Amino acid sequence: MSSDSQTSFEGLGLAPEIMAAINDVGYTTPTPIQAQAIPAIIEGRDVLGIAQTGTGKTASFTLPMINRLMKGRAKARMPRTLILEPTRELAAQVAENFDLYGKKTRLTKALLIGGVSFADQERAIERGADVLIATPGRLLDHVERGKVMLRGVEVLVIDEADRMLDMGFIPDIERIVKLLPFTRQTLFFSATMPPEITRLSEQFLQAPKRIEVAPPSSTNKNVSQAIIEVTPMRKRAALRALFDREEVVNGIIFCNRKRDIGTLLESLQRHGYPAVSLHGDMDQHIRLKMLEEFKSGSAKYLIASDVAARGLDIPNVSHVFNFDVPSHAEDYVHRIGRTGRAGRSGAAYMLATRQDSKYIQAIEDLIKLEVPREELDDFDAVGSPEKRADKSGGRSAKSPRRRRGDTTPNGQALGDDAGSSGNSGNGEGRRRGLLGRDRRRSQNKSQDKPQEQRSEAKSAVRTAAKPEKPTSAAKAATPKTATATKPTASNKGQSADAFGGNMPDFLKKQLK
Ligand code: AMP
């Protein structure tokens, strides 16, 4: 009998073709949900899986489904199994998983998602699909057109049920379930179990095996974490400074609000950073295109909301940037879990303002770590067009090309970094509030130096505690007792000044 501590896929009851595919993908050990769900599903039991993405839940249902589908054949317009997903991206991802794990079989699938033409989907159904992977709305469209019959469905998977609830899909799901045979196997997955989801699970499942795996509440030790102190108005400049400092292969930037995604996208593109974005309201073609551009590397930065990015599996993400501190601590764990996958190292930065202290506290309580604070020094210069012009031997810093985001001679902001508060003020004025007198003086000093020295000074985006660029090992998240950012006497002064003497408590704590 398998259990959580199962150390190999042997003995779970999977066919040799599937074992070979697992071997090719490189999985050696089943995750806890796989160890428990696979044998139960193969036995034919209903399953209630309380698990989030990242737990390996997709393979926990696709592997035994493929196992079952290998016996028997698909009939035209009568799919044998049905997987319901809340979003098009998740559906597409499950379809990819299906291809990966089923590559040594001859199974067929149809992916029914909105925003793309009906014709190809109808052809796939017509040919006969062993599995239908669908979002609820598009599936019902096909049903209404009379193109698909659900009477032959032997296994139903409802994935991310709580998210279906959030997105208002429950009535659609209830309609779909009424079209399915009463005797079927149902696999129901949800990250959380609010009362409405409990009611549905009781309605749809018969004597299910309940499998609950702990939500990830700890962060991956391969991911170095840091919090950057910043005022709301300087977030975009800070982000650009981080981009310039870090060796970013590709990075996902998380915003809390949809409307900020568009603003940030425009700003980054204007500053020459190849970025795309992903949010719920986007046309399907554009969403898939954006995702593809990011995955292929033609766009280095992907700006996303939690909802749009949830469940997306993008391998090899080097950096995660939290443009906003998430208000749900679990979201932090999800966000930074986008990097450092499959044993690789990654880095996660979070821009924090003084208003964020209680959210940071909640995050640190959840992950049981105190995230090191870092300071970006002179980041205005580092992220600015002037600096990049310097670097490329272009325009001198003294006569920068004026663009949105720069300031007019009389000190009025032209828009880009003025922030949502609408505060304009010139760059120096804004810096004054953030950096305080001492820092300004040191900045002025660097202005008096010869050009080469000045650019060296500008490129030094220093961390408060670590004057040199830390190695990834050194940057690794530090346990609560650690003194990772214990400041020196000199930078203590800087940090205290950074908020004009009103440093938020969560940051003060680091300076004790
Ligand atoms: P999921 O929770 O289904 O979104 O899966 C999260 C990630 O874990 C995906 O990138 C999978 O490819 C990966 N994965 C699934 N099962 C295993 C396993 N047994 N060993 C290693 N990685 C896995």
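Mentor: A residue counts as buried if 20 or more other C-beta atoms lie within 10 Å of its own, as exposed if 12 or fewer do, and as partly exposed in between, with C-beta atoms placed from the backbone. This is a predicted model, in which local features need pLDDT of at least 70 and side-chain atom pairs count only at pLDDT 80 or more, while totals for chains, interfaces and linings use all residues. Residues are numbered from 1 along each chain as its sequence is written.

The part to look at is helix H2, residues 32–43. Helices (H or I, at least four residues) and strands (E, at least two) are DSSP runs numbered from the N terminus. H2 has 12 residues and spans 18 Å from its first C-alpha to its last, close to the 16 Å expected at 1.5 Å a residue; the expected span is 1.5 Å times one less than the number of residues. H2 is largely enclosed by the rest of the structure, because 10 of its 12 residues are buried. The buried residues are Pro32, Ile33, Gln34, Ala35, Gln36, Ala37, Ile38, Pro39, Ala40 and Ile41. Just after the helix, Gly44 has a positive phi of about 100 degrees.

The cover over the buried residues of H2 includes strand E1 (47–50), H3, strand E6 (185–190) and strand E7 (209–212). Contact here means C-beta atoms, placed from the backbone, within 7 Å. Three of these neighbours can be followed further.

Take H3 (residues 57–69), which gives the most to the shell around the ligand, with three residues. The ligand is surrounded by 13 residues, and Tyr27, Thr53, Gly56, Thr58 and Ala59 are the closest; a residue is near the ligand if its C-beta atom, placed from the backbone, lies within 6 Å of it. The shell divides into three nonpolar, eight polar and two charged residues. In this division Ala, Val, Leu, Ile, Met, Phe, Trp, Tyr, Cys and Pro are nonpolar, Asp, Glu, Lys and Arg are charged, and the others, Gly among them, are polar.

The loop between H3 and E2 holds Arg77. Arg77 is not a glycine, yet it has a positive phi of about 60 degrees. Most residues other than glycine have a negative phi. Arg77 counts as partly exposed because it has 18 C-beta neighbours inside 10 Å.

Ala207, in the loop between helix H9 (195–204) and E7, has a positive phi of about 40 degrees although it is not a glycine. With 6 other C-beta atoms within 10 Å, Ala207 is exposed.

Four bridges join E5 to E6 in parallel, with Val155 of E5 having Gln185 in E6 as its bridge partner. E5 is also joined to E2 by four bridges, again in parallel, and Leu82 stands opposite Leu156 in E5. Strand E5 (residues 155–158) is covered on both faces: Val155 and Val157 are buried on one side, Leu156 and Ile158 on the other.

E2 (81–84) also takes part in covering helix H6, along with strand E3 (109–112), helix H5 (118–127), strand E4 (131–134) and helix H8 (170–178). In H6 (residues 136–144) the buried residues are Pro136, Arg138, Leu139 and His142.

In the largest nonpolar core, of 66 residues, Val131 and Ile133 touch the most other members. Such a core is a set of buried Ala, Val, Leu, Ile, Met, Phe, Trp, Tyr and Cys residues joined through C-beta atoms within 7 Å. Leaving out residues up to four places away in sequence, Ile133 touches Ile83, Glu85, Ala91, Val94, Ala95, Phe98, Lys109 and Leu111. A second, separate core has 53 residues, among them Ile227, Ala237, Ala238 and Tyr359.

Terms used. Contact = placed C-beta atoms within 7 Å. Pairing = 2+ DSSP bridges.
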